[in-house]
Amino acid sequence: MTSFLVKLAIVLIAACAISTPASAQNKPQTPSQTPLPADAAAPCLPAKKITAAQLHGWWTVQFVNPPAGLPAQASMRLERHEEFSESLAGEIHRDLTPVGGKPAPAGHKPRAQLAGDLEDGLFLLDESSNGTSITATWNGELVEGSCGKTIKGVWKDTSNSAPPDAADVPFTLTRRQGW
């Protein structure tokens, strides 16, 4: 008798499921509540409202007229600073293969450590090729309207091998796709 009741219950459930038409369960939306199409761009935060955490990830660095021996392009990884949660840390990666017989300046390595801050849209980093002394500084600003995906500024060689009148080198940081 029990198996008959189980079979009957299954048949009745199936019959109910087949006979019940599908219907939407969302409430109708007024035009002001209608979501934006998937291809519509969300508005950007003002540069001064972007936080250091929003800069975490990989960046492409483009230098304008870098010093002899340093490449015009590099990669940068930014992340949360281990000791200061509202600050930045990371690394810059450069190809320092000699070009045209010009080796990289002695104070720079293919990989250097970075630490700094983002405050009111101002981007400030110190670079260290040896983990002890500052070998370069980065001073820039978030580009307004870029949604925190572009930073422009100047890089300054402060290593022991830098000439006393080392020029400021303009740079552009561009956030890599996927971040």
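Leaving aside residues up to four places away in sequence, Lys102 touches Ala68 and Gly69, where contact means heavy atoms within 4.5 Å. Lys102 lies in the loop between strand 3 and strand 4, and although Lys102 and Gly69 are 33 residues apart in sequence, their C-alpha atoms are 5.2 Å apart in space. This is a predicted model, in which local features need pLDDT of at least 70 and side-chain atom pairs count only at pLDDT 80 or more, while totals for chains, interfaces and linings use all residues. Residues are numbered from 1 along each chain as its sequence is written, and side-chain values use heavy atoms, with hydrogens and water left out.

The secondary structure of the chain comes to one helix and eight strands, which follow the pattern α-β-β-β-β-β-β-β-β along the sequence; helices (H or I, at least four residues) and strands (E, at least two) are DSSP runs, numbered from the N terminus. Among contacts between residues at least 6 apart in sequence, 45% join residues at least 24 apart. Of the 179 residues of the chain, 32% count as buried, a term that means under 20% relative accessible area, with exposed set at over 50% and partly exposed in between (1.4 Å probe, protein chains only).

The largest nonpolar core has 27 residues, of which Leu55, Met76, Phe123 and Trp138 touch the most other members; such a core is a set of buried Ala, Val, Leu, Ile, Met, Phe, Trp, Tyr and Cys residues joined through side-chain atoms within 4.5 Å. Strand 1 (57-63), strand 2 (73-80), strand 3, strand 4, strand 5, strand 6 (136-142), strand 7 and strand 8 each supply at least two residues of this core. Apart from its neighbours within four places in sequence, Met76 is in contact with residues including Trp58, Trp59, Glu91, Leu125, Trp138 and Leu173.

Side chains of opposite charge can pair when their charged atoms come close. A search of the whole structure finds five salt bridges, each being a side-chain nitrogen of Lys or Arg within 4 Å of a carboxyl oxygen of Asp or Glu. In one of them Glu91 pairs with Arg111, with the closest N and O atoms 3.2 Å apart; this pair links distant parts of the chain, since Glu91 is in strand 3 (residues 88-93) and Arg111 in strand 4 (residues 111-119), 20 residues apart.

Which residue does Glu127 meet in a salt bridge? The partner is Arg94, at 3.0 Å from N to O. Glu127 lies in strand 5 (residues 122-128) and Arg94 in the loop between strand 3 and strand 4, so the pair ties together parts that are 33 residues apart in sequence. Both Glu127 and Arg94 are buried. By contrast in setting, the salt bridge of Asp168 with Lys156, at 3.6 Å between the closest N and O atoms, joins two residues that count as partly exposed, Asp168 at 44% relative accessibility and Lys156 at 27%.
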